[in-house]
Amino acid sequence: MASATTEHRIRVRDATEADVPAMVDIHFDAFGADVMGQLLNPGGVSEDAKQKLGAGFTPPFEETVEKGKILLKVAEIIPGDAADDDKTPGEVVAFAKWVLFRRPRTEEQWNVKQTFTEEMLGKGTNIEVYSDFIERLHDERRQLAKGNPVLLLNILAVTTHRQRLGAGSELLRQGLKIADELGLPSNLESSPMGYLLYKRFGFEDVSVVDLEVTKRWGPVKPEGAHWGEKNGISVGGPLPEGYFRTVVMSRPPRSTTTA
């Protein structure tokens, strides 16, 4: 597919049920090429896994104190000369899933661990890898917020052939606007490739989750690959050889008032 020209605009809107198939494809395209994507879905992504992921993207969403409120946004590329009336069809190239916790939660409400199964995640998913990797991220997420009001960036994904066009930045910008208006911090767990983007938007390192890959699972880091060795050094130190690093990050709210 031809790449977008410089004459384009990024439009962000609320996701609808019709966007779910595109979001699922974007998710597995964006994360499937790195070592964690390959370990999580060693035989490729099954249709069952796609359906299970899509079920979590299907609005409407009920807000609860325990689970918060899911906010789903998609970013579209539209021609730069198109009318600015939201009627011009666009190509969905990215999406963001935020979870808004606007009310405090008790420890019984926030400190809840989840058991992952193939029935939950879809056929072909490596449950052992998923449980080790994702469960540790969720532990860090819970300990950082500790039930306080927060806006959590759960997923930010841009399809690989439309990266570096501003879609991810615009999704991030609009989500952080919500956090700032509510006076809430924003938390996330950064993959190696997203780290510099989040730094530019004011996120700071809190902790790291280093997953032993080579010795435990077998894959060796290819030459030129990025497993997070330059990220989170201030809080995690140098990344051991054969490990994959995810950085837990937080951004305080910024004032929305102007002089």
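**View 1. Phe-133 and Phe-244 are both buried**, where buried stands for under 20% relative accessible area, exposed for over 50%, and partly exposed for values in between (1.4 Å probe, protein chains only). The model is predicted, with pLDDT of at least 70 needed for local features and 80 or more for side-chain atom pairs, although totals for chains, interfaces and linings use all residues. Residues are numbered from 1 along each chain as its sequence is written, and side-chain values rest on heavy atoms, with hydrogens and water left out. Four aromatic pairs are found when the whole structure is searched, a pair being rings of Phe, Tyr or Trp (its six-membered ring) with centres within 6.5 Å, stacked if the planes are under 30 degrees apart, edge-to-face if over 60, and tilted otherwise. The ring centres of Phe-133 and Phe-244 lie 6.2 Å apart with the planes at 75°, so this pair is edge-to-face. Because Phe-133 belongs to helix α6 (residues 127-145) and Phe-244 to strand β7 (residues 243-251), the pair ties together parts that are 111 residues apart in sequence; helices (H or I, at least four residues) and strands (E, at least two) are DSSP runs numbered from the N terminus.

**View 2. Tyr-198 and Phe-203 form an edge-to-face pair, since their ring centres are 5.9 Å apart and their planes stand at 70°**. Both Tyr-198 and Phe-203 are buried.

**View 3. The charged end of Arg-105 sits over the ring of Phe-101**. It lies 3.8 Å from the ring centre, the criterion being NZ of Lys or CZ of Arg within 6 Å of that centre and within 35 degrees of the ring normal.

**View 4. Leu-171 is a residue of helix α7 (residues 167-182)**. With a relative accessibility of 1%, Leu-171 counts as buried. Residues up to four places away in sequence aside, Leu-171 touches Val-12, Lys-73, Val-74, Ala-75, Ala-94, Phe-95, Ala-96, Trp-98 and Leu-156, contact meaning heavy atoms within 4.5 Å. Lys-97 is 74 residues from Leu-171 in sequence, and their C-alpha atoms are 9.6 Å apart in space.

**View 5. Asp-180 also lies in helix α7**. Its relative accessible area is 14%, and Asp-180 is therefore buried. Apart from neighbours within four places in sequence, Asp-180 is in contact with Arg-251, Pro-252, Pro-253, Arg-254 and Thr-256.

**View 6. The second largest pocket has a volume of about 190 Å³**. Of its 14 lining residues, Ala-33, Asp-34, Val-35, Ala-225 and Trp-227 are the closest to the centre. A pocket is an open set of points on a 1 Å grid over the protein atoms alone, with protein on both sides within 12 Å along at least five of seven lines, and lining residues have an atom within 4 Å of a point. The lining divides into ten nonpolar residues, three polar and one charged.

**View 7. Pro-59 and Pro-60 are joined by a cis peptide bond**. Omega is about 0°, and Pro-60 lies in the loop between α3 (47-55) and β2 (69-79).

**View 8. Lys-146 and Arg-164 are residues with positive phi that are not glycine**. For Lys-146, in the loop between α6 and β4 (150-158), phi is near 50°, and the relative accessible area of 44% makes Lys-146 partly exposed. For Arg-164, in the loop between β4 and α7, phi is about 65°, and at 83% relative accessibility Arg-164 counts as exposed.

Definitions and conventions
1 Å grid on protein atoms, 1.4 Å probe; cavity = no way out; pocket = protein on both sides within 12 Å on 5 of 7 lines; lining within 4 Å. Points joined across faces, edges and corners; volume = space filled by probe spheres on them. Nonpolar A, V, L, I, M, F, W, Y, C, P; charged D, E, K, R; others polar.
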